[in-house]
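User: Hey, can you walk me through this one? I'm new to reading structures.

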Amino acid sequence: MLITFVAVYLAVTIAIGLMAARRVHGSTDFLVAGRSLPLYMNVATVFATWFGAETVLSVSATFAKDGLNGIPGDPFGATVCLVLAALLFARLFYSLNLLTIGDFYKVRYGKSVEVLTSVAIVLSYLGWTSAQLTALGLVIHVLSSGAIELNHAIMLGAVVVLVYTVFGGMWSVAFTDLFQTVIIVVGLFLVAGLVGGQAGGMEKVLAQAAADGKFVMFPADMDATAWWAMAGVFFAFAFGSIPQQDVFQRMTSAKDEKTAVRGTLIGASVYFLMAFVPIYIAYAALVAHPELKELFNSEDAREIQRILPDLVLGKMPLWAQVMFFGALLSAILSTASGAILAPTATFTENILRPFVPNMGDRQFLLTMRIILVTFTSFALLFALNSQSTMYEMVQNAYNVTLTGAFVPLVAGAFWKRANTQGALLSVVLGVGTWLILDQLKIETMVPANLLGLAASAVGMLVGSFAPELIKHKGHSIETALHMAKAAAAKH
């Protein structure tokens, strides 16, 4: 019965995505849903895209093991990211009337910075997309009782996501997100009530978590290195995920500026509150079934992510299994579809198109679909060969954009003096510093990603104040906004 339900659920999701694909008539429809999403759909896309596999399976299990101290990035850093993006960038991005976030770097700094930052953004999605494909494979593997080997299950999951995203783009993502958001909220709350009851009620679960020190985020005896490590994880999410195409896409898919801001803020609030539901379920599971703690002893870090699936399959009635796996699949599919669409858009528009400037809209749309399949294949290979948890995959992904795209974005939006030379130096120094420290395993008190962020800021300052050896190829924000307004008036 459970497997039948899952098969039907996946079929319904694909059907919704394919029906939504009928709204796609060009690249604007495919990438930003024609810039026409109402508030409720905009909120759903923000929430469902961010509430993914790592939130349900990995963050909840990490809390059960390490407490709040182990999860500064998600949901705390991720929520800060969405709030900052809404307050600082939503109106600007919407007013500029751009297709991708890479277009911002092109308008502000020129083609060279556009390509360089877009490469960093696209590469960052490998980890995030791989995390979702890994989770989808894990669910299929668990539900088949091991009959479908994990790697084969990951491949099967990738095909499901690919089918409806490749045809409908952002329209398919928006409609399936709306459907999946309802399933996530209803399913997780019902399962939370059941598991909490098995553990003796919410009061007992919270009291036990407090007694075990799980609510202590900043222990008094924490040394400076540990503080810096926590800051590194927090800022990877809080700053590193702002210059991402999926954040940009959701804001610019709204029907107007006001909706872009409100939708992102409300979506962030719902996401933050809902993130604690799987956290509560996971800890209640340990209180009710202490034997699940054995998963923490596995040499494979991914094993702790099985706490909730193992609990639900082994200890829950069928209706709870249906609701939990419905919610879990919804979380994974909604995030995965956005995670393969975003880098596809950035690569096609900002890395490939500068070399083929005369590409027509129909050819551009076809090229995007080909790139989408290609990127999914690369993410699949990454997922099949990674031993990291989903939380670790996502964290590492955001380090790329933290060190290579965040400073040029902020400086470009708020500092008139920022120029092409400063942006190029910022990207090279930021990513270069982080990669050298990270790959050579050089031990420093300050994490490699924060040193890379600092180097990126230094590069921007030095490059922008130094004599201009590389000519500035971009426009000021004021000029860019005027150009966007003039272009909109023509249409």
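Analyst: Let's start with Ala153: leaving aside neighbours within four places in sequence, Ala153 is in contact (heavy atoms within 4.5 Å) with Gly137, Ile140, His141 and Ile148. This is a predicted model, where local features need pLDDT of at least 70, side-chain atom pairs count only at pLDDT 80 or more, and totals for chains, interfaces and linings use all residues. Residues are numbered from 1 along each chain as its sequence is written, and side-chain values use heavy atoms, leaving out hydrogens and water.

User: Is Ala153 buried or exposed?

Analyst: Ala153 has 0% relative accessibility, so it counts as buried (under 20% relative accessible area, with a 1.4 Å probe and protein chains only).

User: OK, new topic. At what angle do helix 5 and helix 10 pack?

Analyst: Helix 5 (residues 72-96) and helix 10 (residues 224-238) pack at about 40 degrees, and their axes are 7 Å apart. Helices here are DSSP runs of H or I, at least four residues, numbered from the N terminus. The axes are lines fitted to C-alpha atoms over the stretch in contact, and angles run from 0 to 180 degrees between N-to-C directions.

User: So what do you call helix 5 and helix 10 relative to each other?

Analyst: Oblique, therefore, is the word for helix 5 and helix 10: angles under 35 degrees count as roughly parallel, over 145 as roughly antiparallel, 65 to 115 as roughly perpendicular, and the rest as oblique.

User: Which residues of helix 10 make the contact?

Analyst: Met230, Val233, Phe234, Phe237 and Ala238 do, and on helix 5 the residues include Phe76, Val80 and Leu84.

User: How far is Ala153 from Phe234?

Analyst: Their C-alpha atoms are separated by 32 Å, and Ala153 and Phe234 are 81 residues apart along the chain.

Notes: Helices (H or I, at least four residues) and strands (E, at least two) are DSSP runs, numbered from the N terminus. Buried means under 20% relative accessible area, exposed over 50%, partly exposed in between (1.4 Å probe, protein chains only).
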